[in-house]
Amino acid sequence: MKKFIPLFSLLLLFSCTQKVEEDEYVYLVFRDANNEILVSEEAKVTEHTNKIFLIKTGSNNQLNYLEKEDGKWVGEIEIYRQNSGYYYFDVELEGKAVGRTIMEGSFTGQVDELLNDNYTGESYTIDGTLEIKD
């Protein structure tokens, strides 16, 4: 019985971690300070190892690179919204296996506003939380 409990705990730990595979799609959900969805995006996983996580966003085919540092995934994500703006996010994420959430964390960023797909000259900063879901 003493050997069963640690073995069961180890199996439970591994069953609670999710790893996405290459060519799978994930969903990025950026929320503002009021927990309202600021922007969401579908992205294709192009590579996922223990040290790097590459995703290609659907709105602008931008390849985004996240790297594992001190147990957290850090990097930049860029998203384009027609007639809205370019969103540039600096993200910091931790792995989390709860429901459909794969990772979650925080972001800070900037939005360059567009009007009729032309840069208006206006920019503003944003921050909030980010969830990556399967």
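The model is a predicted one, in which local features need pLDDT of at least 70, side-chain atom pairs count only at pLDDT 80 or more, and totals for chains, interfaces and linings use all residues. Residues are numbered from 1 along each chain as its sequence is written, and side-chain values use heavy atoms, with hydrogens and water left out.

Strands here are DSSP runs of E with at least two residues, numbered from the N terminus, and two of them pair if DSSP finds at least two bridges between them. Strand E4, residues 63-69, and strand E5, residues 72-81, pair in the antiparallel sense, with four bridges.

Next come the charged pairs. Side chains of opposite charge can pair when their charged atoms come close. A salt bridge is taken as a side-chain nitrogen of Lys or Arg within 4 Å of a carboxyl oxygen of Asp or Glu, and the count by this rule is six. Burial is judged by relative accessible area: buried is under 20%, exposed is over 50%, and partly exposed is in between, using a 1.4 Å probe and protein chains only.

Strand E5 turns up again in two of these pairs. At its Arg-81, a salt bridge reaches Glu-41, with the closest N and O atoms 2.8 Å apart. This pair links distant parts of the chain, since Arg-81 is in strand E5 and Glu-41 is in strand E2 (residues 37-48), 40 residues apart. Arg-81 is partly exposed at 23% relative accessibility, while Glu-41 is buried at 5%.

Lys-72 also makes a salt bridge, this time with Glu-94, and here the closest N and O atoms are 3.8 Å apart. Lys-72 belongs to strand E5 and Glu-94 to strand E6 (residues 85-98), so the pair ties together parts 22 residues apart in sequence. Lys-72 has a relative accessible area of 28% and is partly exposed; Glu-94, at 43%, counts as partly exposed too.

Elsewhere, Arg-31 and Glu-131 meet through their side chains in a salt bridge of 3.7 Å, N to O. Arg-31 is in strand E1 (residues 25-31) and Glu-131 in strand E8 (residues 118-133), so this contact ties together parts that are 100 residues apart in sequence. Glu-131 is buried, at 17% relative accessible area. Salt bridges with shared partners join Arg-31, Glu-131 and Lys-133 into one network.
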